Amino acid sequence: MLNVYLSCFLLGLGLSVLSFVSGLDRVHVFGHGHHHHGSHHHHGPRRALSPFNAAALTAFLAWFGGTGVVLHQMTAWAEGGIAAAAVASGLLGGNTINRFLRGLIAREKPLEATTLIGTIARVTSSIREGGTGEIVFVINGTRKVSAARSDDGSAIAKGEEVVIVRMANGIAYVSTWESLPAITPES
C-alpha cells in the first residue's frame, strides 16, 4: 500500500505543479463551470468553481498520498486507519485549494472594453503646427497621459479641450470642438 500512497503523492504533486504553470486549474473534470450573474459591482456572467476541478483533484492526490506515506512510515496504525486518515487529509487539501480559488474568483473583475475615440481630453503641452504635444484624459476612472498631434496639423494651445478622433502608433490625434466636422443627420 505504501507504493500506492507514494505514487498518488508524486502524481498529485507533479500534476499540481503542471496545472498551476499551464492553467489547467480552469479545466472542469465533471460538468462545466456554471455562470451566474454577480452583484451590481460586476458586469456580465461570473464563473462558479466546480468542486471537481483539476486543481482540487491534484491537491487531493498529493495530500492523500503524502499523508498515507507519512502515516505508513511513522505510525503502527492498521491499514484501514491510515487509509481513512489519508482520505480525510485529501478531502481537506482539495477543499483548501477550492476555498483559495473561490477567494480569487470572487475578486475577479471583467475587463471593460475601452476605446479612446471620442474621449474628451485637455492639452497639457502645446501642440505645435505639424508637431507633437501632450494630452491628459480620464478613462475608466483613471487619469491617462498620451502624446498627441492635431488631426488637421494645426497648432493647439495648452489648456484647450480636445476630442480624440483616432489613435495611431501610440499617438492620439485630436481635434478642437471648432475644427470637428459637423455631424448632420442623413435625410
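A residue is called exposed when its relative accessible area is over 50%, and buried when that area is under 20%; these words are used in the legends below, which describe a predicted model.

View 1. Most residues other than glycine have a negative phi. Asn169, however, has a positive phi of about 55° although it is not a glycine.

**View 2. Strand E7 and the strands that pair with it.** Strand E6, which covers residues 161-168, pairs with E7 in the antiparallel sense over six bridges, and within this pairing Met167 stands opposite Ala172 of E7. Strand E5, residues 142-150, is joined to E7 by four bridges, and these two strands run parallel. On that side, the partner of Ala147 in E7 is Ile171.

**View 3. The two faces of strand E7.** In a regular strand the side chains alternate between the two faces of the sheet. In E7, one side carries Ile171, Tyr173 and Ser175, while Ala172, Val174 and Thr176 are on the other, and all of these residues are buried. The strand, residues 171-176, is accordingly described as mostly covered, with six of its six residues buried.

View 4. When neighbours within four places in sequence are left aside, Thr176 is in contact with Ile156, Glu160, Glu161 and Val162.

**View 5. Asn140 in the loop between strands E4 and E5.** Asn140 is found in the loop that connects E4 (132-139) with E5. Although Asn140 is not a glycine, its phi is positive, at about 50°.

**View 6. The crossing of helices H1 and H2.** Helix H1 (residues 2-22) and helix H2 (residues 54-74) have axes that come within 7 Å and cross at roughly 145°, and the crossing is left-handed. Residues of H1 that make the contact include Leu2, Tyr5, Phe9, Gly12 and Ser16, and among those of H2 are Ala55, Thr58, Phe64, Gly65 and His72. Sorted by class, the contact of H1 with H2 has 14 nonpolar and nine polar residues, and no charged residues.

Conventions. Residues numbered from 1 in each chain as written. Predicted model: local features only at pLDDT ≥ 70, side-chain atom pairs only at ≥ 80, totals over all residues. Heavy atoms only, no water. Buried < 20%, exposed > 50% of the residue type's maximum accessible area, 1.4 Å probe, protein only. Pairing = 2+ DSSP bridges. Axes fitted to C-alpha atoms, helices over the stretch in contact; angles between N-to-C directions. Left-handed = near helix turned anticlockwise from the far one by under 90°. Contact = heavy atoms within 4.5 Å. Nonpolar A, V, L, I, M, F, W, Y, C, P; charged D, E, K, R; others polar.
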